[in-house]
Amino acid sequence: MTTTSPPPPPPPQPPLSGPPPEGHGHGHSHSHGPAAPVSQHLRKVIAAVLIPFATAVVVGLVVLWPGGTPSHERTGVGFDRQTQSAKVTKVQELPCKDLSPSQPQPNGDTSTPEGQSAQSSATGTCKKALIEVTSGEDEGRTFTEIIQPDSPRQLRKGQEVVVAYEPKAPEGLQYSVTDVNRKMPMALLAGIFALAVAVVGRLRGVMALVALAVSFLILTFFILPAILQGSNPLVVAVIGASAIMLVALYLCHGLTARTSVAVLGTLISLLLIGLLGSLFIGWAALTGNTDDNTGLIHGLYPSIDMSGLLLAGVIIGSLGVLDDVTVTQTSAVWELHQANPNMGWRGLYRAGIRIGRDHIASVVNTLVLAYAGAALPLLLLFSIAQSSVGTVANSELVAEEIVRTLIGSIGLVASVPVTTALAALVVSADRSTGPGARAPVSGTPAPRSSRGGKGRRRKA
């Protein structure tokens with residue numbers, strides 16, 4: 001009888017009766033979507049924060065837009081040299097002593113790498129490769145390349161290679177093989193990656209690929225040229241990273257309040273990383289000029305602040321992981337609110353932070369291992385030298401990576417409570433009265449605000 005007759009008037013303080021999600025869901029036209037819409041009032045508050053921020057980012061892009069990479073005279077060192085495509089047309093094996101008759105004979109001492117190389121060159125079999133240039137003004141021109149038996153790169157017939165061109169060298173020495181052409185396998189791998197993302201992620205995956213392309217364009221056409229033109233690397237990195245963040249998050253996750261909260265959490269964490277980076281990079285006297293590549297950059301563009309460039313790298317490197325953390329935490333809080341709309345902001349925060357602790361443990365470990373993997377050859381050199389841990393950590397080359405890792409990790413750890421608190425405040429405040437509050441369905445008692453996360457629902 002109770003299932004067919006209208007429900008009686010509610011007692012003064014009873015638990016909610018009937019299926020509670022229906023009374024809440026009918027008041028929202030988009031309750032079936034991935035995120036329930038928040039009130040009009042909260043949307044205005046979020047827009048009041050994000051619109052000026054997005055405007056400032058656009059203004060920064062316009063003011064600092066470089067208009068192209070500044071030109072310079074090529075040095076012929078490292079990557080700063082002219083290169084062309086070429087192909088190995090013939091490979092012939094010959095005794096090394098016949099190819100280099102003027103080479104002095106080894107003394108038989110093979111205890112050093114130099115002695116081993118000399119012995120191998122004198123008694124081993126070398127390769128004489130005929131290389132044909134396949135691009136540029138000298139297309140069709142051929143030259144020979146001698147490959148020693150202990151060379152790490154052994155050429156074969158038909159292989160695509162990259163050759164360096166030095167116009168001031170004698171005609172027979174203008175071209176030399178510098179690397180293997182890897183464009184085809186890398187393009188195939190990129191295609192497999194894009195296909196996997198699109199098939200599994202569907203529309204969301206396609207949007208992620210578009211966001212990835214936009215991020216690459218901002219990095220290539222704004223961040224790098226602007227730094228080379230002498231703009232402050234920290235300012236350029238903050239503006240560029242903010243533009244990437246806005247495009248990537250909204251393009252992948254939609255123009256919703258949930259995404260906006262993730263954007264705010266990411267922004268606060270990036271500001272913290274920037275402040276900590278400025279403090280500790282200066283305090284530790286890190287110059288950012290620690291290898292041949294940074295030395296070449298400083299030599300070509302002396303006006304670049306190399307320590308600022310180091311800080312810019314920390315900010316940009318932390319952005320990708322920050323996006324993952326903030327979006328995950330925001331989604332977790334939203335889903336907790338959907339499961340129990342009566343849960344107050346303290347309850348949402350406590351439940352969300354428990355999820356965040358697991359996320360922190362995995363993400364920090366991932367970040368540290370990623371940096372350690374990138375610096376593995378360097379760590380091997382220190383291990384070979386039998387240096388103490390303190391000596392290794394104090395060297396600028398390693399200290400730079402340690403500071404980079406720790407600052408990024410602190411920003412990641414801080415992003416969890418910050419984003420969780422913001423999300424909990426937004427979704428819990430949406431239940432209060434305001435311009436966007438919805439009236440309950442007729443015959444269903446209005447939900448009471450339960451603060452502190454003690455709200456409870458009881459099934460009928």
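**Exercise 1.** Find which residues of helix 5 and helix 6 meet, and work out how the two helices run relative to each other.

*Solution.* Start with the contact list (contact means heavy atoms within 4.5 Å). From helix 5, the residues involved include Arg204, Met207, Ala208, Val214 and Phe222, and their partners in helix 6 include Pro233, Val236, Ile244, Leu251 and His253. Sorted by class, this contact has 19 nonpolar, three polar and one charged residue. (Ala, Val, Leu, Ile, Met, Phe, Trp, Tyr, Cys and Pro count as nonpolar, Asp, Glu, Lys and Arg as charged, and the others, Gly among them, as polar.)

Before going on, a word on the ground rules. This is a predicted model, where local features need pLDDT of at least 70, side-chain atom pairs need 80 or more, and totals for chains, interfaces and linings use all residues. Residues are numbered from 1 along each chain as its sequence is written, and side-chain values use heavy atoms, with hydrogens and water left out.

Next, the geometry: the axes of helix 5 and helix 6 (residues 233-253) are 9 Å apart, at an angle of about 165°. Helix 5 and helix 6 are therefore roughly antiparallel (that label needs an angle over 145 degrees). Their crossing is right-handed.

**Exercise 2.** Arg202 has a positive phi although it is not a glycine. Where does Arg202 sit, and is it buried or exposed?

*Solution.* First, the background: most residues other than glycine have a negative phi. For Arg202, phi is about 55°. Arg202 is found in helix 5 (residues 183-228). With a relative accessible area of 65%, Arg202 is exposed (exposed means over 50%, with a 1.4 Å probe and protein chains only).

Now try Ala285, where phi is also positive, near 55°. Ala285 lies in the loop between helix 7 and helix 8 (292-300). Its relative accessibility is 54%, so Ala285 counts as exposed.

Notes:
Helix = DSSP H or I, 4+ residues; strand = E, 2+ residues; numbered from the N terminus. Buried < 20%, exposed > 50% of the residue type's maximum accessible area, 1.4 Å probe, protein only. Axes fitted to C-alpha atoms, helices over the stretch in contact; angles between N-to-C directions. Parallel < 35°, antiparallel > 145°, perpendicular 65-115°, else oblique. Left-handed = near helix turned anticlockwise from the far one by under 90°.
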